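Here are my notes after going through the model. Have it open while you read.

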Amino acid sequence: MSQALEHADGSWAWVVLLATMVSQGLTLGFPTCIGIFFTELQWEFQASNSETSWFPSILTAVVHMAGLGMCFSFQSSITVLGFYFVRRRVLANALASMGVSLGITLWPLLSRYLLEDLGWRGAFLVFGGVFLHCCICGAVMRPVATSVAPETKECPPPPPKTPVLGCLAACGQTIQRHLAFDILRHNTGYRVYTLGVMWSLLGFPLPHVFLVPYAMRHRVDEQQAALLISIIGFSNIFLRPLAGLVAGRRAFASHRKYLFSLAVLLNGLTNLVCAASANFWVLVGYCLVYSVSMSGIGALVFQVLMDIVPMDRFPSALGLFTVLDGLAFLISPPLAGLLLDSTNNFSYVFYMSSFFLISAALFMGSSFYSLQKKEQQGKQAVATDALEQDLFLEGKDGSGKQRCPEIMYVTSV
């Protein structure tokens with residue numbers, strides 16, 4: 001039904017953008033408020049820091065790597081947005097990530113209010129009702145007409161002799177269709193970017209989980225501690241669109257991967273400031289500086305992936321990308337909680353975060369530069385070979401008019 005398809009860069013694309021903002025605010029913005037419940041859950045279940053950290057780590061990992069729950073809304077909205085916007089894709093991604101900023105701003109305030117009035121169990125019941133709004137966001141995401149050629153349907157192979165082999169073959173085909181392992185093997189840029197982001201995510205979520213307990217440990221009021229996360233989210237509301245406008249300029253089109261690496265590097269350096277002092281106003285300044293780097297990461301993380309991978313392979317590339325990122329999200333908070341249990345010092349958690357972020361930024365920046373130099377050298381070598389061939393053919397023919405060796409041989413005869 002071609003008449004039912006929407007067109008890219010049309011008026012309905014802005015409706016899809018609004019739905020993507022809401023869905024990302026509900027899904028990606030929610031895990032940042034888990035730090036509000038960290039101390040309450042730890043006291044309720046008499047658990048250690050490492051044991052309590054499994055709660056935010058499993059939640060965030062499932063959002064990114066499983067086909068379950070909020071992951072359906074998160075991944076589908078990003079994929080559809082990439083097809084709806086072509087000319088303004090960078091700006092659209094930045095505006096969509098602004099929904100995450102709204103979520104980071106509002107979720108901690110709502111969580112603190114519900115925790116005081118209803119307890120953590122009642123708060124989670126309310127959260128379940130709020131998440132139902134993702135259904136409305138999905139309803140407005142209509143199919144869009146794309147320039148990608150439809151895949152040719154091949155005849156299915158004959159069924160195998162045993163049902164076990166048939167099940168394994170079906171699983172293998174499904175994994176190959178939805179997870180881009182072939183791109184991971186053959187696209188060096190995608191491999192560098194995926195591994196670099198995965199390594200950085202071992203440190204990136206730690207401030208969102210441990211900032212509020214860290215502030216409360218140093219006698220910061222509970223309301224003020226919850227306000228710190230909201231400051232990060234409120235600042236990102238304005239900084240993410242600005243980052244998208246800057247990265248969307250034609251002069252930065254080929255340098256977006258370096259801008260992303262720079263944002264990750266700044267994010268890691270900022271965490272060192274948080275480890276130096278737990279004074280409330282120092283933490284406020286930390287949150288403001290942290291928001292600058294976080295806005296660059298949020299605005300560019302999926303846009304850089306779109307630059308590296310063709311759009312017809314983007315859904316499967318995004319699937320593998322988020323699965324590997326989910327593994328990092330799963331490991332990071334419990335590992336930091338184990339470090340906190342053994343040292344009883346929150347500063348080591350932020351040192352750990354800085355180490356992973358800084359090393360990941362240096363790895364991605366140096367690797368992208370090396371790949372770019374190799375590509376330029378390859379193009380230069382091809383141009384040099386073509387020039388030498390032209391000079392050789394001109395030398396064979398003094399007039400320089402005939403360049404083909406076969407024609408020169410015939411005319412000489």
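Is Phe127 buried or exposed? Phe127 counts as buried, at 2% relative accessibility; buried means under 20% relative accessible area, exposed over 50% and partly exposed in between, with a 1.4 Å probe and protein chains only.

1. Ground rules. This is a predicted model, where local features need pLDDT of at least 70 and side-chain atom pairs count only at pLDDT 80 or more, while totals for chains, interfaces and linings use all residues. Residues are numbered from 1 along each chain as its sequence is written, and side-chain values use heavy atoms, with hydrogens and water left out.

2. Phe127 and its partner. Phe127 forms a tilted aromatic pair with Phe124, at 5.8 Å centre to centre and 35° between the planes. (Rings of Phe, Tyr and Trp, the last by its six-membered ring, pair if their centres lie within 6.5 Å; planes under 30 degrees apart are stacked, over 60 edge-to-face, and the rest tilted.) Both residues lie in helix H5 (residues 89-131), three residues apart, about one turn of the helix. Helices are DSSP runs of H or I with at least four residues, numbered from the N terminus. An α-helix has 3.6 residues a turn, so residues three or four places apart point the same way. Phe124 counts as partly exposed, at 25% relative accessibility.

3. I get 26 aromatic pairs in the structure. In one of them, Trp107 and Phe131 have ring centres 5.6 Å apart and planes at 40°, so this pair is tilted too. Trp107 and Phe131 are both buried. Ring pairs join these two, Phe124 and Phe127 into a cluster that also takes in Phe30, Phe37, Phe45, Phe55 and Trp120.

4. Charges over rings. The charged end of Arg142 sits over the ring of Trp12, 3.7 Å from its centre. The test is NZ of Lys or CZ of Arg within 6 Å of the ring centre and within 35 degrees of the ring normal. Lys257 lies over the face of Phe368, at 6.0 Å from the ring centre.

5. Helix H12. Its 21 residues (256-276) reach 31 Å from first C-alpha to last, close to the 30 Å expected, which is 1.5 Å times one less than the number of residues. Buried residues of H12 include Arg256, Phe260, Asn267 and Cys274.

6. Trp199. This residue of helix H9 (residues 188-200) is partly exposed, with a relative accessible area of 37%. Leaving aside residues up to four places away in sequence, Trp199 touches Phe355, Phe356, Ser359 and Ala360, contact being heavy atoms within 4.5 Å.

Methods: Helices (H or I, at least four residues) and strands (E, at least two) are DSSP runs, numbered from the N terminus.
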